[in-house]
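Subject: Structure for your files

Hello,

Here is the structure I said I would pass on. Please open it alongside the notes below.

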Amino acid sequence: MKVVELATGTPAQVAEYKEQDILEYMNNPLIEALPPIYSQQQVIDELSMYPPYNNEERYLEDYKRIHLIQRVLHYFQPLPMHLQIQSSIDRLLRAGYVSRNPFTKTYAQGFVDNWNNVQQKSFEKTVIQTGQTMSLVGTSGVGKTRSLQRILDMIPQVISHTQFRGKPLNMYQITHLTIQTPFDGSVKTIVFDFMYQIDLLMGTDYFNRYANSRLSTSQLMPITASIAKSVNLGMLIIDEIQHLKVVKSKSSTQVLNFFTTLINTVNIPLIMIGTPKSMDILQSQFRQARRNTNAGNIMWNRMEKDDIWDLFIRGMWKYQWTKQEVDFNEEFSSIFYIESQGITDIAVKLFMMVQLRAISNGEEKITFPLIKQVAEEELKMVQPMLQALRTNNYQKLVDYDDISFPDIENYIEREQNVLNQKEVMESLKQGVNRKNQQSKMVDDAVFRLTILGIDDNVARETVLDLVSKEKEIGELSEIVQQAFGILTDSDIVKSVDVDDDLRKVIEQRKGGELTAYQALYETGFIKQDYPMGDAS
């Protein structure tokens, strides 16, 4: 597919229109430009992410394997829940575009009505439409945000239209936009975040234009709706909806009412994501607002200990970078479930931390005691939540769902420091051994050169120079040969005292009928601990 790059660097896919089998979706460029409706097998293929792995990598140096272990974070195994969410989002997105065909009168009339709303600073004359909402609620760590992002990655975020079947059509289409629920429960914060995200994508200037203005919330709301219509926004995703739990009831109600108004005004589907703490908000304050416009509530609980869990762990199990590989079995699947309670984020990070510990402590193998030890030491912060899961205490679970999860980056850094200390000590020891070996090599080489008639100081200087240039210490004989070759080709040797030349000493003494040994002994070149005597 052809992709153009906007001035902001945002890739915009050039629209390619696909024939539709469903009547409601026909002849609508905003729907026909979307990816096809995938089968379940196609969704699985699109969502799957299996990082590269080579068994030989297990034999690399420790500090390199620590980098490799981080690949596990990219592992993504599609599960039945992912298929359900993808199907719901796909239907929601297409349904939201059904009544927004750019070639219909209602599409154009919508801009006129919204302009009137901007002028009148209200939505009073807005005709209620059929926008839909979907809520996704799940315990922290089950993978809501990442899974949603993987699903959204299947849809180009920005689509560029120029013409549709011979008819001019100059517009952009933003299929989805995600914003965070503000901690202060302010509608203005949401509006400005919305504008800021649009500016980042499209290079517009809405945020600077309105953020410093003195417009009230009621004045900003129709402007926000107008922006959403102009970019043909497909759906708005509100993450961390549980943040509204800590603000005043009035503020949270205003925020939810704003969402409802936006849905009904522009007919934009809304997806809300939160932890169990957000259930009170979704079930009470937002119930009336969402009546007859609800596309579904998806409760994402922890995984059960079943075949699906085994599939998830088995898929991850091959990513072992310890020197000793351990085969997958039911016992390992069970212990990881016990320690993570079916929370995939904890299971993945525990799997990584166990390997890091096995490498840093030299065990080089995943074992049951090591899994328990690492879980006990590194999962202390999430133990209250895990205990609530073990006892099925859902009320406690609501209280603990904002607990911080293990910081894998911090853990990697700590284990890296352990390895670094070991490597430093090993390097120091090797340095001492290398220095001792080098010193002995120099002494031996100098001694042999002096025997060949080279001055001691000259020989030492030459050998030291040779050794310093060599990355590795070679054979003694090679060093001596190189040094002797250098010295005999230079004028340095000429300055050597002839009286110290062993060949001359031996030759002169032999005239006195002394053996070579006796000649060297008499001249002091050979030292003897015991006096020479007659063996007879």
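What follows is a short account of what was found in the structure.

This is a predicted model, in which local features need pLDDT of at least 70 and side-chain atom pairs count only at pLDDT 80 or more, while totals for chains, interfaces and linings use all residues. Residues are numbered from 1 along each chain as its sequence is written, and side-chain values use heavy atoms, with hydrogens and water left out.

Overall

The protein chain holds 22 helices and nine strands; helices (H or I, at least four residues) and strands (E, at least two) are DSSP runs numbered from the N terminus. Of its 536 residues, 46% are buried, where buried means under 20% relative accessible area, exposed over 50% and partly exposed in between (1.4 Å probe, protein chains only). The accessible surface of the protein chain is about 28300 Å², and carbon and sulfur atoms account for 50% of that; the areas come from the Shrake-Rupley method with a 1.4 Å probe, and for residues only the protein chains shown count as cover. Among contacts (heavy atoms within 4.5 Å) between residues at least 6 apart in sequence, 74% join residues at least 24 apart.

The four-stranded sheet

An open sheet is made of four strands in the order S1-S2-S4-S5, with mixed pairing; two strands pair if DSSP finds at least two bridges between them. Strand S1 (3-5) and strand S5 (167-174) are the edge strands, each pairing on one side only. From one strand to the next the twist averages 25°; axes here are lines fitted to C-alpha atoms, for helices over the stretch in contact, and angles run from 0 to 180 degrees between N-to-C directions. S1 and strand S2 (residues 11-14) are antiparallel and share three bridges, and Val3 has Gln13 in S2 as its bridge partner. Helix H7 (residues 187-202) packs on the sheet, where it touches strand S4 (158-164) and S5, and its direction makes about 125° with that of S5.

Strands S6, S7 and S8

Strand S7 (residues 236-239) runs parallel to strand S6 (residues 177-180), with four bridges between them. One of the bridge pairs is Gln180 with Asp239 of S7. S7 also runs parallel to strand S8 (residues 270-274), through three bridges, and Leu236 is partnered there by Leu270. Within S7, Leu236 and Ile238 point one way and Ile237 and Asp239 the other way; all are buried.

Helices H13 and H16

Helix H13 (residues 330-340) has Phe332, Ser333, Ile335, Phe336, Tyr337, Glu339 and Ser340 buried. These buried residues pack against helix H12 (307-317), helix H14 (344-360), helix H15 (368-378) and helix H16 (383-390). At the start of H13, a side-chain oxygen of Asn329 comes within 3.1 Å of the backbone nitrogen of Glu331. Just after the helix, Gln341 has a positive phi of about 55°.

In H16 the buried residues are Met385, Leu386, Ala388 and Leu389. They fall within an arc of 155° seen down the helix axis, so they line one face of H16; the arc is that of the directions from the helix axis to the C-beta atoms. Just after H16, Asn392 takes a positive phi of about 55°.

Single residues

Arg65 sits in helix H3 (residues 62-69) and is buried, with a relative accessible area of 0%. What does the side chain of Arg65 reach at 2.9 Å? It is the backbone oxygen of Trp321, a polar contact (a pair of N or O atoms within 3.5 Å; within protein, one must be able to donate a hydrogen and the other to accept it, and residues adjacent in sequence count only if both atoms are side-chain atoms). Leaving aside neighbours within four places in sequence, the contacts of Arg65 include Glu57, Arg58, Ile359 and Glu364.

Glu32, in helix H1 (residues 29-32), is buried with a relative accessible area of 1%. A polar atom of the Glu32 side chain lies 2.9 Å from the backbone nitrogen of Asn27. Not counting residues up to four places away in sequence, Glu32 touches Phe164 and Arg165, among others.

Thr261 belongs to helix H10 (residues 249-266) and, at 23% relative accessibility, counts as partly exposed. Its C-alpha atom is 8.6 Å from that of Met221, which is 40 residues away along the chain.

Regards
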